Each structure stands twice: as structure tokens, then as C-alpha cells.
Amino acid sequence: MPIAPCGHKTLLVRSRVLFDRPKRYQVRARLFSPMSEESAYAAATQGSALQWLPHVLTVAGSDSGAGAGIQADIKACAAAGVYCSSVITAVTAQNTVGVQGVYSIAEEFVAEQLRSVLSDMKVDVIKTGMLPSPGVIAVLCQIIKEFQVGTVVVDPVMVSTSGDILSGPSTLTGFLEQLLPLADIVTPNLKEASALLGGIFLDTVGDMRSAAKSIHDLGARNVLVKGGDLRGSSDAIDIFFDGEQFHELSGPRIMTRNTHGTGCTLASYIAAELAKGTPMLLAVQVSLHPFCFCACFTAGILYATLAKQLFIMIVGLISGPNSRFSADSLLLYAVTDSRMNRKWSRSMAEAVKASIEGGATIVQLREKEAETGKFIDIAVKCVAICRSYGVPLLINDRIDVALACDADGVHVGQSDMPVIFARKILGAGKIIGVSCKTPAQAEKAWADGADYIGCGGVFPTTTKKNNPTIGLDGLKAVCLSSKLPVVAIGGIGAENAQSVMELSAPNLKGVAVVSALFDQESVAAETDRLKSLLMDMVMTDR
Ligand SMILES: Cc1ncc(COP(=O)(O)OP(=O)(O)O)c(N)n1
Ligand SMILES: Cc1nc(C(=O)O)sc1CCOP(=O)(O)O
Ligand SMILES: [Mg+2]
């Protein structure tokens, strides 16, 4: 299909037809992460669909048993929905018990593999694993600089879980002087952190904090010291340090010796999240989260690896499009109201379908009156409708209902189930939104693992009783302090949407609306009207 250089909208819409890309990436590329016209054209005409996909390049050793190394990295990225290319630095004869042999690849051939991939494909993140020689580290660092790779995740693999040496002491200088200064995050376990710091003894969480700071001082921008091996603690505690703040990420320890490959899997999952644009701390939290809610898996790093890989694959497969939240879907957020449906004599299913046909980009079932059985009944129908259109459906307040109907997530308020517990129950694959009226609430939402913030009431509303109005200033304060995407709510319609979207806050992604869509004769027509206005605002914004 020939594509002529043309206006931005047309080009992107056409290029969307060319590639059978997952819907979330279509929307992102089309609306919110516009490439320049030239690069969109180049991608559409020269490149493959790979140009559009988040892409991790793993530079690591092959594990014949496939529990760790390159094989684990590829599986973790696949489970996270991210393309993974691989540069092999060593071939190991290995199983879950130990390493029987290592054959290192010459640095020249590692360089050749790196150049092959980087000269052809857009790589978002390089993740490093086993780097068997100082020469391999040197060529890797040189090529990272040469190709200006955006993000580097360093898993400083030195000794396998079984105790076998994978990178000898000769590589230490390379790690310290060349690789760590390029690292956006480094993920040592206790032994590796100790080795990087000249063999110091790490025995307490306090030691882990000091180690994280010292490794940060060596040049890594973020450090995750994994405490799975820490003695005497009932919880597995990891310390994350971003140069300013420490975060203690803890979860109950699993008593297992089956830890082969855990480090590779975690670092790859973090790399995959970063490739998708997830902010650093959230990427780390999400990578630890999938394992929190199941009795067999815990936050922390002592997991049974094979079961863990299986689990993340299952999460990836069964949760499908729900597992990855795109902030772009907040553009026109339809929040239902059954009283309005009764007034206009339509069923919830009819209302939801009409809002999607009018252009709603996400739907929330806000059901304040129905009994649980009835709510689930309605929700099951609406999930089926939304899924058939590829639009996420969230459930207001009720985590149990969301689970029962396999909704894409929930929206909770400050007096509903706290985000941290909702996340534990729902896992990383579901979307969690939380209402925030203040910067402090926004900060907590982020730390607790929410995906987005609903902020209002921006204007007075009659839909929700006794709802304090925070105004445009209140909305702006929350947006400016929030690391999460924000959707504005409360009294918003076609007449004032522009004043909301004009706030110069890049994380303000859209408007959530009840009455201006559902207390109307034609839901589809009103949704379409508001959607067109929002689209125009987004387009002119660029
Ligand atoms: C997108 C969005 N933002 C805010 C809310 C309000 O949630 P909450 O404060 O829990 O109030 P109720 O909706 O439960 O009455 C929302 N529902 N959606
Ligand atoms: C459900 C809800 N939450 C709000 C908040 O401020 O958190 S305002 C609101 C109701 C919004 O309805 P309408 O679009 O009809 O004004
Ligand atoms: Mg609520």
C-alpha cells in the first residue's frame, strides 16, 4: 500500500492500517506519542512493525536449562508484552542444579551481534546479564554510547544461584568504571552488592540502604538491592534508591531453594516495563507485584523461578489487553449512572454500548444501588460489550465485583478499599484508579501502585452528593504534584472541557463524565460531540 507524505492525521491513520499492532499501541502512536511526520513515514515505509513495539535488547548468557539467562529474559519480556532481541555473550551448559560448562563468546562477535540489532531496530532498553570478560563490557559500553541507547538496566550477574562463577573478578573494574555510570538501574542481590563494594559485609536492612547509596555514588542512577538472601527476616525486603529517596519494598518470604533465574526474570520485567514508558519506581513495583497476591508468590525476590515464569506468562495471556494500562485511554472516560438510565428508559448495556459507539475511550460502571448479584449480572454483560470494542471497563468501588466479572480494573475513592490492598488482590494485570483531591493523596496513590488518578470535583456537580469542588486550581495542584496520569471529573461537559484540558499539565489525560453523556437523550451523539472536541484539543496541542 503506497503512502505519500501527507498530513499528520492521515499518515498515522493509514500507517495504523498497515500494521496489525495491538490497539493500545495504535492509540498511543496515533494520539499521544506522535512521531515526527518524517519518522512516522520512515517507519511506515521502511521499517517493520517492530518500529512500533516496545523493545528490550538483552545482552546475556544462554542457559541451556532455560531457567535463567537469555531464555528467562525473553520469556519475561514476552509475558510483559514487549519484544525482546538477544545478544549472546556466553553459552552455558546449565540446569536447575548448577553450571556444568561455560563457553564465552569473543568480544568482537558480541560487538557484531550488538551492531546487527542496533543498526536495524529501535531498541528502547538494553538489559545486561552475564558479561563474561572485561572486553565484552568494554565493547558493550562503547556501543551503548555510539547508538545512544535510551535506557540501560544492569543485572550485575557475577555468581549463579548455584554458586558458580559467571563473571570473574577481572570484570569488576569494567562494571565499576564503565557500565555502572551508564546504568539507569542496577539490580544486585546481596552478594553482588557486596562484590561491587569491595566485599563489604551486608547483614541488615540498614546495610542494604548504605550499599544502595554507595552503588548510586558509583554512577548508577537507580539502585535496587535485593534482600532475598538476608538472614533472619521473615519478609523478603528489597531496597530501592533513586538518589534522593529510599523505598523499602517488602513481602512475605517464600521458603524455597528454587531460586534459579529469579534475578534475570525480575531485571527483564523491569526493563520491559521501562520500555513501555513506565516510570522507574512503578516499573520496579509492578515487576515485583504480579507475585504478591498468590499464596505461592511473594513480593521480594525469593520465588520459585519456574513457577514464577509460568505465572507471569499466565498473567500475560489471560489478562490480555487488560494487563497493560495506557494513560491514553483516559481521554474520554464515561462513568455510568443507573438513575439516569432509568430516566431515559435504557438498560446499562445499551448506555455503555452507545457511549463506546460515540467514542468513549474507557468506561466505569458506577452502580450505587444494585445488589451484588444484580451488579455482577450487569457487569458481566458490560465487560463482554467493552471487550468486543477493545475498550477497558472498570468497576466503581467493588473489587469483588471486578474479580467476578473479570473487569479490566477498579476505581476506588479515599474511603473505599485502599489502593495497596486492591493491588494485592487484583495483581499487576488490572487497572486501578483512585480519587484524589490533594497533592498528598496523589503522592500516596503513586507510592501505593495506582495506575491513574481521578481528580475533582473540578466544577460543582449534582450527580454526586456533597462533593467538594476543588476548581481548576485544585486540579492543577494535583496534576503538578502527581507522577501518575490524571483524569478530571465533576461537572464537565462540552461547554467547559476546553478550560479543563487547557491547564498546562502534561499528565492531565482527559475528562471523566457522567451526566453530560448519560443524562441525555442520545448518549452516542453527546459522547461523539465531546470526543470530537477533545480530539481537536489534542491535535492542536501538538
Ligand atoms: C474517574 C473517577 N474519578 C473519581 C471518582 C469518584 O470516586 P469516589 O471518590 O470513590 O466516589 P464514588 O464514585 O464512589 O461515589 C470516580 N468514580 N471516577
Ligand atoms: C463520581 C464523581 N466523582 C467526583 C469527584 O469529584 O471525585 S465528581 C463525580 C460525579 C461527576 O458527575 P458529572 O459528570 O455528572 O458532574
Ligand atoms: Mg468510591
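This is a predicted model: local features need pLDDT of at least 70, side-chain atom pairs count only at pLDDT 80 or more; totals for chains, interfaces and linings use all residues.
Ligand 2 sits among 17 residues, and the closest of them are Gly456, Thr461, Thr463, Val514 and Ser515. Sorted by class, this shell comes out as 10 polar, 6 nonpolar and 1 charged. Gly456 turns up again in the backbone geometry: the peptide bond leading from Gly456 to Gly457 is cis, with omega near -5°. Gly457 itself belongs to the loop that runs between strand S15 (452–455) and helix H19 (471–481).

Turning to the helices, H10 (residues 262–275) packs against H11 (residues 280–288) with the axes 8 Å apart and an angle of about 135° between them. That angle makes H10 oblique to H11, and the crossing of the two is right-handed. On the H10 side the contact is built from Leu266, Tyr269, Ile270, Glu273 and Leu274, which meet Ala283, Val284, Val286 and Ser287 of H11. By class, this contact has 7 nonpolar residues, along with 1 polar and 1 charged.

Two loop residues other than glycine have a positive phi. For Gln148 the value is near 50°, and this residue lies in the loop between helix H6 (134–146) and strand S5 (151–154). Asp406 has its phi near 55° and is placed in the loop between helix H16 (399–404) and strand S13 (409–412). With 16 other C-beta atoms within 10 Å, Asp406 is partly exposed.

Key
Residues are numbered from 1 along each chain as its sequence is written. Chains are lettered from A and ligands numbered from 1 in the order in which they are written. A residue is near a molecule or strand if its C-beta atom, placed from the backbone, lies within 6 Å of it. Ala, Val, Leu, Ile, Met, Phe, Trp, Tyr, Cys and Pro count as nonpolar, Asp, Glu, Lys and Arg as charged, and the others, Gly among them, as polar. Axes are lines fitted to C-alpha atoms, for helices over the stretch in contact, and angles run from 0 to 180 degrees between N-to-C directions. Helices (H or I, at least four residues) and strands (E, at least two) are DSSP runs, numbered from the N terminus. Angles under 35 degrees count as roughly parallel, over 145 as roughly antiparallel, 65 to 115 as roughly perpendicular and the rest as oblique. A crossing is left-handed if the near helix is turned anticlockwise from the far one by less than a right angle, and right-handed if clockwise. Two residues are in contact if their C-beta atoms, placed from the backbone, lie within 7 Å. A residue is buried if 20 or more other C-beta atoms lie within 10 Å of its own, exposed if 12 or fewer, and partly exposed in between; C-beta atoms are placed from the backbone.
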